[in-house]
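Walk through this structure one pairing at a time. Begin with the charged side chains, then turn to the ligand and the surface.

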Amino acid sequence: MSTSIADILNGKRVLLCVGGGIAAYKALEVVRRLRAAGAEVQVAMTAGAQRFVAPLSFQALSGRTVRTSLWDESAEAAMGHIELARWAQQVLIAPATADLLAKLAHGFAGDLVTTLCLATTAPIAVAPAMNHCMWRHPATRANIALLQQRGVRVIGPEDGLLAEGESGPGRLSEPESIVAALASGSATHGGGRDLAGVRMVVTAGPTYEDLDPVRYLGNRSSGKMGFAIAASAARRGAEVALIAGPVHLDTPVGVQRMNVRSARQMREAVFAAMPADIYVGTAAVADFAPLAIAPQKIKKTAGGEGLKLELVRTPDILAEVAKREDTGLKLVVGFAAETDDVARYAKQKLADKHLDLIVANRVGVPGCGFESDNNAMIAFWPEGEKAFSEAPKARLAEELIDLILERLQA
Ligand code: PMT
């Protein structure tokens, strides 16, 4: 039977540090969910956070007086900040602002939250939230990389609409995903680095098969599912090579990315990234490509009233990888995107391509599969199956990595 979030978090002492961003209001829901899972939650807030949400709201949900200052004599008399840092079995910073991440990365301890983070020996997880330019800034990238090197877990952020009305990466992960990620990190050994020493090759996104200098055959894959898997694996200690088709997503922290365009280029990059232990084929690779790429733009009049395209099959990368010649692979995972009879087609692909695991998802329905932030999946392996109900792709990626580890050790 699989372990639930409550099994893992029940009785766990979580110190939730709330940073000063508009997403602070979402931390209230994080407290509610942690409490529902049976965790004890002590909230500490930065001065900025207190400008967005009143400490009383957190007190009501956590059942504990919120800590707001290093200089609060009565709070310090009840439990000094060093004692509080020792009390914590898990520290979660949500939202983690760019400023807070910079301070943590460089060991500042000028207020209660940063002092607690420096004084604790408990594992620390951060859930960043900020403007997309701030998230992409080299200073923030460097701070995140530094924190990760020290074993800090980074949960999110997600790509989407931000408070200021712009879109991009920087949105706080949903409270449900944060709590699930915290639980999956706590369930694993070594501070969540249960893939340390493993090399994984992940493909993501579409491939574009050029027709002429301005047109191509492509598909609607956004790369979100594959990028989430790569991010999750890297967070958990794997060395990840991500072979990405043409997508507009930021490279997850700690991931080595190779950009490709066509199926043929993807195949070359995949084999160049070998040997590896695990292959996850999330990309929606085109099955057909034009026989030849026209050197000039094809004119509207080229085919009279219509135009016949001659297409040829592209290399089946997954089938070739699954032959495992000179790859060192211990586990080959395919994806199956189906519009109907999902289980039957997926099982057929599992057998035909000699895969260890296939993850099927329905496409062509709103809210799941291509492009969306959520997905629902069902995984099959020769002796079993497991359904993943609809959830954010980041969370599904964590759950899929759990299954991949199980299958690797089976
Ligand atoms: O990118 P997103 O917008 O987040 O959407 C995610 C997704 C729907 C693309 C993803 O979850 C998914 O289902 N990926 C597989 C899509 C696909 O091409 O399915 P398929 O059933 O056509 O291919 C089966 C498998 O063979 C896949 O692992 C594919 O990577 C692989 N393949 C297919 C053709 C080919 N020439 N070479 C391959 O390796």
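The count of salt bridges in this predicted model comes to 28. Side chains of opposite charge can pair when their charged atoms come close.

Take Glu 76 and Arg 67 as a pair. Their closest N and O atoms are 2.8 Å apart. Arg 67 has a relative accessible area of 6%, so it is buried. Glu 76 has 22%, so it counts as partly exposed; the cut-off for buried is under 20%.

Next, Asp 316 forms a salt bridge with Lys 353, with 2.9 Å between the closest N and O atoms. Asp 316 sits in the loop between β15 and α14, and Lys 353 in the loop between α15 (342–352) and β17 (357–362), so this pair ties together parts 37 residues apart in sequence. Asp 316 is partly exposed, at 28% relative accessible area.

Asp 356 and Arg 324 also meet in a salt bridge, at 2.8 Å from N to O. Asp 356 lies in the loop between α15 and β17, while Arg 324 lies in the loop between α14 and β16, so the pair ties together parts that are 32 residues apart in sequence. Asp 356 is partly exposed at 22%, and Arg 324 is partly exposed at 24%.

Salt bridges also link into a network. Its members are Arg 153, Asp 194, Arg 235, Arg 236, Glu 398 and Asp 402.

Now the ligand. Which residues come nearest to the ligand, of the 30 around it? They are Ser 221, Ser 222, Gly 281, Lys 349 and Asn 361. A polar side-chain atom of Ser 222 is 2.6 Å from a ligand oxygen. A polar backbone atom of Lys 224 lies 3.3 Å from an oxygen atom of the ligand. Thr 314 places an N or O atom of its side chain 3.3 Å from a ligand nitrogen. The protein covers 95% of the 780 Å² of accessible area that the ligand has on its own.

The shell around the ligand holds 13 nonpolar, 10 polar and seven charged residues. α12 (224–235), α14 (317–321) and β16 (331–338) each supply at least two of the shell residues. β16 gives the most, with four.

On the surface, Phe 288, Leu 307, Leu 309 and Leu 311 form a nonpolar patch with about 360 Å² of accessible area together. Leu 309 lies in the loop between β14 (288–290) and β15 (311–313). Its relative accessibility is 42%, so Leu 309 counts as partly exposed.

Thr 46 is another loop residue, between β2 (40–45) and α3 (47–52). Thr 46 is buried, at 8% relative accessible area. A polar atom of its side chain lies 3.1 Å from the backbone nitrogen of Ala 49.

Technical notes:
Residues are numbered from 1 along each chain as its sequence is written. This is a predicted model: local features need pLDDT of at least 70, side-chain atom pairs count only at pLDDT 80 or more; totals for chains, interfaces and linings use all residues. Side-chain values use heavy atoms; hydrogens and water are left out. A residue is near a molecule or strand if one of its heavy atoms lies within 4 Å of it. A polar contact is a pair of N or O atoms within 3.5 Å; within protein, one must be able to donate a hydrogen and the other to accept it, and residues adjacent in sequence count only if both atoms are side-chain atoms. Accessible areas come from the Shrake-Rupley method with a 1.4 Å probe; for residues, only the protein chains shown count as cover. Ala, Val, Leu, Ile, Met, Phe, Trp, Tyr, Cys and Pro count as nonpolar, Asp, Glu, Lys and Arg as charged, and the others, Gly among them, as polar. Patches are made of residues with over 30% relative accessible area and no salt bridge: like charges are joined within 9 Å, nonpolar side chains (Val, Leu, Ile, Met, Phe, Trp, Tyr) within 5 Å. A salt bridge is a side-chain nitrogen of Lys or Arg within 4 Å of a carboxyl oxygen of Asp or Glu. Buried means under 20% relative accessible area, exposed over 50%, partly exposed in between (1.4 Å probe, protein chains only).
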